[in-house]
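Subject: Structure handover

Hello,

Here is the structure we talked about. Please open it alongside these notes.

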Amino acid sequence: NRKLMSSTMILLNELNRVLILETTYKEHWEVPGGGIEGDESPLEAVIRETREEIGLTIKEPKLIVVDYRHTQEQKEEMVHLVFFGGVIKKSDENKIILQADEIKAYKFATLVEALELTGPGIGQRIRRAMKAINSNTCIYWDIV
């Protein structure tokens, strides 16, 4: 009874655009985050992954989305947690330092642009995250 687990971070700029990352290893853009290592909490993982990928330490992100995926063809059961790390001010954007071997570029994208660049899976997660942020709630999503 083991589930795969991952967590990601949603970061916005002052124009309410989402930080997305172009990786060196995937076709679609991503948001900061990744797999949770053994003996690591989802919160610890998302803070670590965000620090490793973009050089920012977000101290108190807020849980905003829980995605659960049932076992499907060729895909294992998975729990994915999305955290909101807040707004990055224009004056702090120069503090973003990309992990060169994994991240090619970053951009702050409108929701429409983020949905196009990230593909359907991550895009829907971003859509739910923005809904949670705007309604100040946490959303549970059961993916069948």
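This is a predicted model: local features need pLDDT of at least 70, side-chain atom pairs count only at pLDDT 80 or more; totals for chains, interfaces and linings use all residues.

Ser6 sits in strand β1, which covers residues 4-13. Is Ser6 buried or exposed? Its relative accessibility is 6%, and Ser6 therefore counts as buried, the limit being under 20%.

Now the overall layout. The protein chain has two helices and seven strands. Reading from the N terminus, their order is β-β-β-α-β-β-β-α-β. Along the principal axes, the C-alpha atoms fill a box of roughly 45 × 35 × 30 Å. The radius of gyration is 14 Å. That agrees with a compact globule, because 144 residues would give a value near 15 Å. Of the 144 residues, 48% are buried. Take the contacts between residues at least 6 apart in sequence: 66% of them join residues at least 24 apart.

Helix α2 deserves a look. It runs over residues 111-135, and its end C-alpha atoms span only 16 Å. A straight helix of 25 residues would span 36 Å. Where does α2 bend? The bend is at Gly119 and comes to about 140°. A proline, Pro120, follows within four residues. After α2 comes Asn136, with a positive phi near 50°.

Next, the cores. The largest nonpolar core has 19 residues. Those with the most contacts inside it are Ile10, Leu12, Val18, Ile20, Ile64, Ile126 and Ile133. At least two residues of this core come from each of β1, β2 (18-23), β4 (62-69), β5 (78-88) and α2. Which element gives the most to this core? It is α2, with seven residues. A second, separate core holds 18 residues, including Leu19, Ile54, Leu56 and Ile96.

Not counting residues up to four places away in sequence, Ile64 touches Ile10, Val82, Phe83 and Phe84, among others. The list for Ile64 also includes Ala129, Ala132 and Ile133. Thr137, Cys138 and Ile139 touch Ile64 as well.

Arg128 is found in helix α2 too. This arginine is buried, because its relative accessible area is 9% and the limit is under 20%. Which residues does Arg128 contact, leaving aside neighbours within four places in sequence? They are Val65, Asp67, Ile139, Trp141 and Ile143. Glu76 is 52 residues from Arg128 along the chain. The C-alpha atoms of Arg128 and Glu76 are separated by 22 Å.

Last, the aromatics. How many aromatic pairs does the structure hold? There is one. Tyr106 and Phe108 form it, in an edge-to-face arrangement. Their centres are 6.1 Å apart, with 90° between the planes. Tyr106 has a relative accessible area of 27%, so Tyr106 is partly exposed. Phe108 is at 10%, so Phe108 counts as buried.

Best wishes

Key. Residues are numbered from 1 along each chain as its sequence is written. Side-chain values use heavy atoms; hydrogens and water are left out. The expected span of a helix is 1.5 Å times one less than its number of residues. The bend at a residue is the angle between axes fitted to the seven residues ending there and the seven starting there. Rings of Phe, Tyr and Trp (its six-membered ring) pair if their centres lie within 6.5 Å; planes under 30 degrees apart count as stacked, over 60 as edge-to-face and the rest as tilted. Buried means under 20% relative accessible area, exposed over 50%, partly exposed in between (1.4 Å probe, protein chains only). A nonpolar core is a set of buried Ala, Val, Leu, Ile, Met, Phe, Trp, Tyr and Cys residues joined through side-chain atoms within 4.5 Å. Contact means heavy atoms within 4.5 Å. The radius of gyration is taken over C-alpha atoms; the globule rule is 2.2 Å times the number of residues to the power 0.38.
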